[in-house]
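Okay everyone, thanks for coming. Let's get the picture up and walk through it together.

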Amino acid sequence: MTNKKPKDIYEYKKWLKEKHKIEISGKTQKYYESVTSRIKLDLEKSDFWIQLTENLREYEGDYLAETGYNLLTHGFEPELYIKPFDSFLLKTFRKNIIDNKCWPDEPKDRWVLPNNWYSRINDIIRTLFEVKYLDGIEFMISKVKSICEEHTMGCTVSLKATEVGYYAAHLYIRKKFEIPKVPWDTEWIDFSIEIQITTQIQEVIRKLLHKYYEDTRKRLEKEDIKWQWNYKSDEFVANYLGHILHYVEGMIMEIREKQKEEII
Amino acid sequence: MRKEFIKYLVSIGIITKALRERIETIYKFYQEIYPDEITDIFITDYIKEDGSREYENLWFFSEKNCMEAKQFIIKEDFDVTPIKKRIFYWTIQKQNYDFKKATEKSRLHLRFELDAGFNCVFKAAKENCDYLKIIILKYVVPNLKE
């Protein structure tokens, strides 16, 4: 069993037990919930988060003054979301098995296991900023980066542009958190918070396609025909819609900038 | 809320009005569902590196059920499970605790499993260990499945 590639989450749990002596049970989930709730609470109380949320009105004003348009689509109280345990475990399945090019050996950047998984999975706690226009993404990135510098926190920016039509900026903020250990006392861990910045239109599409993406992620075997040629498939419509909308958003920016030049 | 519950909260350092009111609200919620049944209270806690105390989950007990309010300070997440003769396994880990009188260094961790597959986890620090001991003797040991 240990060298047979697990096909689904049930086989993965069995593999974890046989290969790494790790049992995924109700107590694993309870501990996960205890750790992640603590981190969320501490993050909400942190100077970084307080400053970021308090500054949102100021950013809105700056952008409006600069462009004549609104920056954010929603209010100024962003929510922090905790990844549900099942999605978290699925992500470790992807890292250890589905995307592991070295199978049956460990991935190049090591197995993701309970002794390191809070530091290795970088989107356990995330938030989302939804901007109206494409240039709002770059604007928000610079603001978040600037607060991170003030608080001497690491910040990595990843501009996502995937083959399957997903466009967004993901910022990963590194911060140390004190978490409860299993029996008692605490330990400090390095933890990543994910800040997603995307446009209103891309977010609408993402929500519509969420279920489709979830199903794709669980699948180990790839389709025989490339989705780009399978015009009857869900992927064809979904993925190209993502690309088209990104192009349209680029065009909107161009028109906006032309109008601005004409006024000047 | 019962006087002994308030006494318990004070003894483990819950003295702020806001926190007491939060617990009172949850108590009333459970009382609404299980009137006259609640006989005991317990709050899981642990000590941070700087010596401060963190409270995690709030529990109420009755003869038949245990009721949890997970991460009660920030969440509204409740569940109830019957315990009467349904516990088939328990495990305790302890540190600097003689199971008689807790000291500043005492730590106690309890986990029990119910036949329905649920896990109940409790941790206690300092004087709270004495209260967890009572919970163990009153609700866990007598409810082991025969």
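Let me start with one residue: Asp77(B) is partly exposed, with a relative accessible area of 28%. Keep in mind that we're looking at a predicted model. Asp77(B) forms a salt bridge with Lys70(B), and their closest N and O atoms are 3.9 Å apart. Lys70(B), though, counts as buried, at 16% relative accessibility.

Some of these bridges link up. Arg38(A), Asp42(A), Lys48(B) and Glu54(B) are joined into one network by salt bridges that share partners. Within it, Lys48(B) and Glu54(B) pair up with their closest N and O atoms 3.4 Å apart, and both of them are buried. Over all chains, the count comes to 28 salt bridges.

Here's another one, Asp185(A) with Arg107(B), closest N and O atoms 3.4 Å apart. Asp185(A) sits in the loop between β4 and β5 of chain A and Arg107(B) in strand β6 of chain B, so this pair joins two chains.

Now, over to chain A's helices. How do α2(A) and α3(A) sit relative to each other? They pack at an angle of about 60°, with axes 5 Å apart, and are therefore oblique to each other. Leu43(A), Glu44(A) and Lys45(A) in α2(A) meet a set of α3(A) residues that includes Phe48(A) and Trp49(A).

Away from its sequence neighbours, Phe48(A) is in contact with residues including Ile147(A), Met153(A) and Ile195(A).

Note on methods: Residues are numbered from 1 along each chain as its sequence is written. Chains are lettered from A and ligands numbered from 1 in the order in which they are written. This is a predicted model: local features need pLDDT of at least 70, side-chain atom pairs count only at pLDDT 80 or more; totals for chains, interfaces and linings use all residues. Side-chain values use heavy atoms; hydrogens and water are left out. Contact means heavy atoms within 4.5 Å. Axes are lines fitted to C-alpha atoms, for helices over the stretch in contact, and angles run from 0 to 180 degrees between N-to-C directions. Helices (H or I, at least four residues) and strands (E, at least two) are DSSP runs, numbered from the N terminus. Angles under 35 degrees count as roughly parallel, over 145 as roughly antiparallel, 65 to 115 as roughly perpendicular and the rest as oblique. A salt bridge is a side-chain nitrogen of Lys or Arg within 4 Å of a carboxyl oxygen of Asp or Glu. Buried means under 20% relative accessible area, exposed over 50%, partly exposed in between (1.4 Å probe, protein chains only). Lists of a residue's contacts leave out its neighbours within four places in sequence.
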